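Please keep the sequence and the structure open while reading.

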Amino acid sequence: MQIISWRAVLHDMLLYRRLIALQIRAQLQYKINVLIDIGTYLAVTVLEFGALLLFFGPFPSLLGWKIGEVALLAAIMSISFGFAEMAGAGIDNFSDTIRRGEFDRVLLRPVGAFTQVIGSDFRLRRLGRITQGTIAFVIALRLLPNLHWTAAKLLILPISIISGAVIFISILLLGATLCFWTVETTELTNMLTYGGREMLSYPITIYSQTLQRFFLFVVPIAFGSYVPTCYILERPLPFGIPSSVAFAAPLVALVFALVAGIVWSFGVNRYQSTGS
Amino acid sequence: MLRFYFEVARTAYRRQLIYRWANLAGLLTNIFFGAIFSYVIIALYHARPVVTGYNVQDALRYTWLVQAMIMVVLPFSWFDLMLTIRSGEVVTDLSKPCDFYWYWFSREVGRNVYYVFFRFLPTYLAGALLFSFGLPGDWHSWLAYGLAFPLGAMTGITYRFLYNVIAFWIVEARAMVTLASVVALFFTGSYVPLPFFPAWLRAIADWLPFNGLMNIPVEIVLGKLNGNMLWLAYSRQIFWLIVLTLIVRGMTLLASRRVVVQGG
């Protein structure tokens, strides 16, 4: 039983790779367009980041966080979110798939529905945000000349960026599941993704305790940005959580993704198609 | 003819009434983002009580006024006109026995009136309740705002029209639309209030058309612009409104001369 399911997973992953390669090749047919899109997205996100830095003109710090520290936090968040946006585009579009009745066709094919949905889109232009995040990261490092790097701190970067992206994609999946009943993408999903990104580009201690708990324990976006940033900056976490919890990010992401996956398959089984 | 434009505006207003749930969702989004910015501002003010004459309450009011006005003045990703150009529907609008520009202008005025009632007021109210910052200013500044807000909203319409009409020349201009909206939002204070800008950037922002969209009306209602400053602010708004209207009308004229309908 175990062996068969692993084989299915491997098969789906290979298929996913082919679907993505297809998407990328299709988008590269219009090279100028892709470049303009990436450039525009880069400009938009750079402006957002610039705005964040501007706050530190008149104000010396944000609840004890200096400009470089907030910049580092925002940079990690941007990169992580950028990957999620790039890979999760197919899930983000899911309401269209449902509305057009295309999901019926998806279900008829002998491949997992999730693989097809996530493989249906891959937005190269999101490279714009990832580029911005990288630039922001370099700026943050310039602003933090005394930051002491260790091997563990370097390791935490990729771990948390990937975990954060997985958590964001899981939120998208939960939102897509809602579409089975509501057809429309709900603003609720957007608030958790775009809103969550915006909120967690700042230290979560500026929010109420309820919100802090929410982003740590319920929808654990903080594990992709705030928690690792605190580890790198050697700052204490709220509620007396030990800072080494940053290494648990993959586990947290996995559990959250599992929950999202269970909810999703529940939705798929209940799906009754749209139309008249 | 005026009666016709009035009816166009009224129809646009009534069309908006249908999208109740979409508006509610948008309202929640505005409130949500307003709340995030408020938390940031409150935390920043822990370090310093007053910045360029703005205390924390002023800054909160500024944020929520901008957040409330966005849908009226600078709706994000407004493609309505661009889509008619791309689909060719624009031809029917161009051949209507009325002025193409004023037709769209009236439509947007109707839409704006809707958003004043169903977005601007509830957003500000929600903010005032959540963060209890009440109503700013006295009746003088509200009266002055009553002129500045419509001026900003009308400039917003011309600006919207401007970046959409580009589609006559460039078919796929969505990226440009996004950038145009974001640049305008940035320079009218919806990311960072203009009073927080460093002096050199503020000097640039003051002379841009975006200043009059939201920053000037908000600064007026907060009672920050008085006497000569107030008249200068109005002049800036009116100047840009006239200039943008002329540019847009010129472009429409050019476009309608060279428009070729694709069909089949």
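Leu121(B) lies in helix 6 (residues 100–131) of chain B, where helices are DSSP runs of H or I with at least four residues, numbered from the N terminus. This is a predicted model, in which local features need pLDDT of at least 70 and side-chain atom pairs count only at pLDDT 80 or more, while totals for chains, interfaces and linings use all residues. Residues are numbered from 1 along each chain as its sequence is written, chains are lettered from A and ligands numbered from 1 in the order in which they are written, and side-chain values use heavy atoms, with hydrogens and water left out.

With a relative accessibility of 44%, Leu121(B) counts as partly exposed; buried means under 20% relative accessible area, exposed over 50%, and partly exposed in between, with a 1.4 Å probe and protein chains only. Between Leu121(B) and Arg202(B) there are 81 residues in sequence and 29 Å in space, taken from C-alpha to C-alpha.

## Two asparagines in helix 2 of chain B

Asn23(B) is placed in helix 2 (residues 20–44) of chain B, and Asn30(B) is also found in helix 2 of chain B. Asn23(B) is buried, because its relative accessibility is 8%, and Asn30(B) counts as buried at 9%.

Which residues does Asn23(B) touch, not counting residues up to four places away in sequence? They are Tyr114(B), Tyr115(B), Phe118(B) and Arg119(B), a contact being heavy atoms within 4.5 Å. Asn30(B), with its neighbours within four places in sequence left aside, is in contact with Gln67(B), Arg119(B) and Thr123(B). The side chains of Asn30(B) and Arg119(B) are joined by a polar contact of 2.8 Å. A polar contact is a pair of N or O atoms within 3.5 Å; within protein, one must be able to donate a hydrogen and the other to accept it, and residues adjacent in sequence count only if both atoms are side-chain atoms.

## Charged pairs

Side chains of opposite charge can pair when their charged atoms come close. A search of the whole structure gives 18 salt bridges over all chains, a salt bridge being a side-chain nitrogen of Lys or Arg within 4 Å of a carboxyl oxygen of Asp or Glu. The table lists some of them.

| Salt bridge | N to O distance |
|---|---|
| Asp121(A) and Arg123(A) | 3.5 Å |
| Glu7(B) and Arg10(B) | 3.7 Å |
| Arg202(B) and Asp206(B) | 3.1 Å |

Asp121(A) and Arg123(A) are both buried. Glu7(B) and Arg10(B) lie in helix 1 (residues 2–17) of chain B, 3 residues apart, about one turn of the helix; Glu7(B) is partly exposed, with a relative accessible area of 24%, and Arg10(B) is partly exposed at 40%.

Arg202(B) and Asp206(B) are separated by about one helical turn, because they are 4 residues apart in helix 9 (residues 199–207) of chain B. Arg202(B) is buried, with a relative accessible area of 19%, and Asp206(B) counts as buried at 18% relative accessibility. Elsewhere, salt bridges that share partners join Glu48(A), Glu85(A), Arg126(A), Arg129(A), Arg197(A) and Glu198(A) into one network.

## Helix 8 of chain A

Helix 8 (residues 127–143) of chain A has 17 residues, which at 1.5 Å a residue should span 24 Å, and its end C-alpha atoms are 24 Å apart, which agrees; the expected span is 1.5 Å times one less than the number of residues. Its buried residues include Gly128(A), Arg129(A), Ile130(A) and Phe137(A). Among the elements that cover the buried residues of helix 8 are helix 2, helix 3 (67–87), helix 9 (151–182) and helix 10 of chain A.

## The contact between the chains

Chain A and chain B bury about 2,700 Å² between them, 85% of it on carbon and sulfur atoms, where buried area is the accessible area (1.4 Å probe) that two parts lose on being put together, summed over both. Leu54(A), Phe55(A) and Phe59(A) supply 24% of the area that chain A buries against chain B, more than any other three residues. The contact takes 28 residues from chain A and 30 residues from chain B.

Between chain A and chain B the count is 0 salt bridges, and 1 residue pair is in polar contact across the interface, with both residues at pLDDT 80 or more.
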